[in-house]
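Here are some notes for a colleague opening this entry. Please keep the structure in view while reading.

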Amino acid sequence: REQAPFAAVPPTLDKSFFWINAETPGDAVFASPSLVSHALLPTRTHARVLTPRAITSPAPQEEILDRWLLAYALFDVPAARVEAALRGAASVENDPFAMNAENGQPANLYEYAFRSHELDAFFQPFKKTIPEEVIQALVGRYEAYPRDLATLRAKYRLDYLYVGPYEQRMAGRDFDAAPELTKVYDSDGVRIYAVSQNGPEL
């Protein structure tokens, strides 16, 4: 019973997941900059996510990074918050369910990529962190990334934006003001926007 808040998906999120399963195509692609939603959407619904996890995706590393930068840009996440995520310092406070999930971006993007290749490396302590020069390069790329939705939606297939409580803590974009978006769900602090279909099919 004491562990329930850490394991039970909040009912407000589950309600949106039921809607996704009932009202969206089985191959719909959703975008979110939150690692919490990134983990829940493909496990609680039939949805696909725009942003892959490095260790389980066959996509090239450059594409994985680009998709995550694009997801941050779609939500217009402030560069300082992106940098904090890359440092593994973007935890959600006072949220037993999310706990430190948002701190997992270094492992999500690179997993063991920066581990030593020495023969005894497996037996040495290892913390999944991103080197400082890589963080600065990624933040620089993000700051130069376009922010207009017409450009962003054209790069990869994208059907919906998921804007739940974790996304709202990050996002700087006014989704209701974007002509490329249509709000199709709005309940209990979760909004879902359909993206007008002028992007690629795959």
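1. A search of the whole structure finds 7 aromatic pairs. One of them joins W68 and Y72, a tilted pair with 6.1 Å centre to centre and 45 degrees between the planes. Rings of Phe, Tyr and Trp (its six-membered ring) pair if their centres lie within 6.5 Å; planes under 30 degrees apart are stacked, over 60 edge-to-face, the rest tilted. Both W68 and Y72 sit in helix α4 (residues 61–74), 4 residues apart, about one turn of the helix.

2. The model is predicted: local features need pLDDT of at least 70, side-chain atom pairs count only at pLDDT 80 or more, and totals for chains, interfaces and linings use all residues. Numbering runs from 1 along each chain as its sequence is written, and side-chain values use heavy atoms, without hydrogens and water.

3. Helix α2 (residues 11–23) and helix α3 (residues 35–44) have axes that come within 10 Å and cross at roughly 45 degrees. Helices are DSSP runs (H or I, at least four residues), and strands are E runs of at least two. Axes are lines fitted to C-alpha atoms, for helices over the stretch in contact, with angles from 0 to 180 degrees between N-to-C directions.

4. L13, D14, F17, I20 and N21 in α2 meet L40, L41 and R44 in α3. Contact means heavy atoms within 4.5 Å.

5. An open sheet of 5 strands runs β2-β1-β3-β5-β4, with mixed pairing. Two strands pair if DSSP finds at least two bridges between them. β2 (48–49) and β4 (181–187) are at the edges with a single partner strand each, so one side of each lacks a neighbour in the sheet.

6. β4 pairs with β5 (residues 190–195) in the antiparallel sense over 6 bridges. The bridge partner of S187 in β5 is V190.
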